[in-house]
Amino acid sequence: MGRHRKQPATTVRRSSIIALTGLVPAGLVAVTAAATDTTTAEMAAVEHDLPELDTETGPEFAAAPQAEVAEVVHAEAKQSRSATPEVKTVALPGDRAVSDMPAGPLGIPGIAVAAYQNAEQQLAVENPNCGMSWSLLAGIGRVESTHAFGKADADGNPIKAVYGPVLDGSLSGNNVIHDSDGGALDGIGGYDRAIGPMQFLPETWERYAADGNADGIADPQNLYDAALTAGKYLCDGGLNMRDLSQQSKAILRYNNSMAYVANVMAWSGSYSSGLAPKPQDLPRIH
């Protein structure tokens with residue numbers, strides 16, 4: 001994966017250093033160089049210029065009971081998944097109701113927690129060496145789209161499809177990414193744009209697409225599918241999320257920015273503990 005921006009010389013501001021000191025092992029900055037060895041074709045193009053919702057602040061929300069949150073919404077998700085799901089985006093009416101599942105830690109939507117935990121459970125079976133946690137996926141989802149902007153239906157589909165800006169070079173600093181899917185996934189021709197709550201480029205989605213809810217379809221807009229696909233991408237290459245240096249290397253694939261790593265790790269830790277991240281733990285992502 002990777003940022004759809006032209007990569008400037010790496011700079012880490014003081015706030016980033018403060019945030020990373022408690023999150024990343026000493027010497028981890030060297031991982032940045034290793035991450036840049038990944039080819040552009042292998043880097044999932046992730047967009048970070050989506051409008052953000054307000055950061056959760058104020059009194060912390062009580063977490064829903066773990067047994068309730070961990071329950072997989074779709075009974076069919078326990079069935080065997082197709083090795084080759086159909087890759088497509090399903091058109092849905094816009095008048096669907098928002099899921100009423102109880103919120104999780106720090107107000108994270110319950111349906112998002114269910115999707116992230118479902119991905120954790122699936123990956124524990126498919127790739128136990130990876131050690132993927134639901135909270136790490138939640139950290140990615142928070143930074144990428146605030147969990148589909150907090151509005152998804154009971155099946156994990158955003159009420160309004162999530163797209164990044166068109167990568168035609170008109171937005172300062174963004175790379176130009178020409179069309180790779182004929183508009184089938186991102187809805188436009190000529191150029192690509194990032195898609196879904198975990199913000200994949202169409203070409204990268206085609207490569208890693210997973211069916212998280214066992215409906216035979218790998219839809220980048222669906223939280224269940226997007227969470228499992230993101231987990232597969234982060235785990236690719238035998239990386240172990242229990243090791244902070246390897247976890248950081250995986251996150252750098254998503255966005256080659258140490259500030260991005262700090263943000264994802266801060267939110268991941270907060271969702272695990274229920275304690276809101278401090279401002280200094282969330283350096284600005286350029």
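Visitor: Leaving aside its neighbours within four places in sequence, which residues is alanine 115 in contact with?

Guide: Contact means heavy atoms within 4.5 Å. This is a predicted model, in which local features need pLDDT of at least 70 and side-chain atom pairs count only at pLDDT 80 or more, while totals for chains, interfaces and linings use all residues. Residues are numbered from 1 along each chain as its sequence is written, and side-chain values use heavy atoms, with hydrogens and water left out. Once neighbours within four places in sequence are set aside, alanine 115 is in contact with Leu223, Tyr224 and Ala227.

Visitor: Is alanine 115 buried or exposed?

Guide: Buried means under 20% relative accessible area, exposed over 50%, and partly exposed in between, with a 1.4 Å probe and protein chains only. Alanine 115 counts as buried because its relative accessibility is 0%.

Visitor: How far apart in space are alanine 115 and glycine 212?

Guide: They are 7.9 Å apart, C-alpha to C-alpha, although 97 residues separate them in sequence.

Visitor: Which backbone atom does the side chain of serine 99 reach?

Guide: A polar contact is a pair of N or O atoms within 3.5 Å; within protein, one must be able to donate a hydrogen and the other to accept it, and residues adjacent in sequence count only if both atoms are side-chain atoms. Here the side chain of serine 99 reaches the backbone nitrogen of methionine 101 at 3.3 Å. Serine 99 is itself buried, since its relative accessible area is 15%, and beyond four places in sequence its contacts are Ile111, Ala152, Asp153 and Ala154.
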